[in-house]
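Please look at the structure first.

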Amino acid sequence: MTSELDIFVGNTTLIDEDVYRLWLDGYSVSDAVALRVRSGILEQTGATAAVLQSDTMDHYRTFHMLERLLHAPPKLLHQLIFQIPPSRQALLIERYYAFDEAFVREVLGKKLSKGTKKDLDDISPKTGITLKSCRRQFDNFKRVFKVVEEMRGSLVDNIQQHFLLSDRLARDYAAIVFFANNRFETGKKKLQYLSFGDFAFCAELMIQNWTLGAVGEAPTDPDSQMDDMDMDLDKEFLQDLKELKVLVADKDLLDLHKSLVCTALRGKLGVFSEMEANFKNLSRGLVNVAAKLTHNKDVRDLFVDLVEKFVEPCRSDHWPLNDVRLFLNQYSASVHSLDGFRHQALWDRYMGTLRGCLLRLYHD
């Protein structure tokens with residue numbers, strides 16, 4: 001009795017992108033086979049169901065073996081077991097660390113702990129993302145956080161160096177890490193209209209301007225040497241922001257500031273009368289947000305406060321976005337004409353970032 005065997009020998013690991021996507025999405029082998037059948041692959045290739053089952057299982061085994069290397073991407077580049085072209089290696093890494101917007105929006109700003117991981121059982125049905133995929137994404141966030149949390153220097157550069165991600169994805173992870181470290185509140189109902197992209201945009205501005213890394217030099221306090229340059233907000237800067245209260249506490253300064261802004265914007269704003277009537281309330285809101293950032297709770301509630309104190313009042317008066325932009329530009333610039341104000345650099349550092357964030361948060 002003789003047996004016939006078909007043998008194929010090769011040294012390049014074959015990666016089917018469609019099967020990889022199914023594996024990343026958390027589908028079982030049987031579910032993946034069913035989805036492939038539904039896609040019409042049997043008719044396209046002339047393969048049998050048994051061959052498709054075997055092919056899918058073979059790919060899943062390969063992905064499981066690759067996963068431990070994907071946890072530390074430089075290892076994938078330097079290992080010799082799997083012969084994978086560099087372009088394919090980059091694809092494997094990028095897609096493994098990619099995440100769903102609906103998922104990241106649920107966990108953004110939360111502590112990356114076992115407690116949050118338990119919430120994934122509820123997040124999965126809410127978002128329509130498989131539990132297995134939710135766990136992979138959460139574990140990726142936590143892994144990146146753990147690797148870079150004690151590192152000095154650029155957060156984006158550190159992520160790129162250790163996880164070999166594209167610039168865009170590394171910046172997204174920097175935002176996730178930054179929000180997790182500072183525990184910004186993003187889950188309140190009034191913030192649900194904001195996307196991950198909105199928060200990531202604000203995170204990038206804060207990292208560039210409000211962190212220790214933004215100062216450009218290491219802290220002089222020896223106890224602060226372990227502070228991460230890009231992950232931690234500059235506490236000295238936050239303390240100094242209390243000095244800005246003079247802008248609303250001093251009636252003469254407040255009146256002069258209002259006069260300068262109104263003079264510059266008269267005839268240029270469609271909502272001029274609303275702005276003139278609400279100027280002091282808006283100014284108090286923006287300045288008081290700054291003055292409260294010395295407390296961790298108020299740091300966490302930054303976006304809630306910005307929406308409550310500025311976005312909602314302007315939206316209720318139907319300010320168009322361009323009017324918001326004109327107002328914020330003039331509101332920020334006019335402070336430089338206040339002779340009695342002595343904190344211009346501090347103001348610019350605060351309002352430069354806040355102006356960008358508010359324009360992103362304001363959806364007219």
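In α1, residues E17, Y20, R21, W23 and L24 meet R88, L91, L92, R95 and Y96 of α6. Contact means heavy atoms within 4.5 Å. By class, the α1–α6 contact residues are six nonpolar, no polar and four charged. The model is predicted: local features need pLDDT of at least 70, side-chain atom pairs count only at pLDDT 80 or more, and totals for chains, interfaces and linings use all residues. Residues are numbered from 1 along each chain as its sequence is written, and side-chain values use heavy atoms, without hydrogens and water.

**Helix α1 with helix α6**
- Helix α1 (residues 17–24) packs on helix α6 (residues 86–97) at about 25°, with axes 11 Å apart.
- That makes the two helices roughly parallel (angles under 35 degrees).
- Their crossing is right-handed.

**Helix α17 with helix α18**
- Helix α17 (residues 251–265) and helix α18 (residues 272–291) cross at roughly 145°, and their axes come within 11 Å.
- This crossing is right-handed.
- Among the contact residues are L254, V261 and L265 of α17, and F272, M275 and F279 of α18.
- The contact divides into seven nonpolar, two polar and five charged residues.

**Cavity**
- There is one cavity of 30 Å³ or more (on a 1 Å grid over the protein atoms alone, a set of points where a 1.4 Å probe fits but cannot get out).
- The largest cavity holds about 30 Å³.
- V107, L108, G109, K110, L112, I176 and A180 line the largest cavity (lining residues have an atom within 4 Å of a point).
- Its lining has five nonpolar, one polar and one charged residues.

Methods:
On a 1 Å grid over the protein atoms alone, a cavity is a set of points where a 1.4 Å probe fits but cannot get out, and a pocket is an open set with protein on both sides within 12 Å along at least five of seven lines; lining residues have an atom within 4 Å of a point. Grid points are joined across faces, edges and corners, and a volume is the space filled by probe spheres set on the points. Ala, Val, Leu, Ile, Met, Phe, Trp, Tyr, Cys and Pro count as nonpolar, Asp, Glu, Lys and Arg as charged, and the others, Gly among them, as polar. Axes are lines fitted to C-alpha atoms, for helices over the stretch in contact, and angles run from 0 to 180 degrees between N-to-C directions. Helices (H or I, at least four residues) and strands (E, at least two) are DSSP runs, numbered from the N terminus. Angles under 35 degrees count as roughly parallel, over 145 as roughly antiparallel, 65 to 115 as roughly perpendicular and the rest as oblique. A crossing is left-handed if the near helix is turned anticlockwise from the far one by less than a right angle, and right-handed if clockwise.
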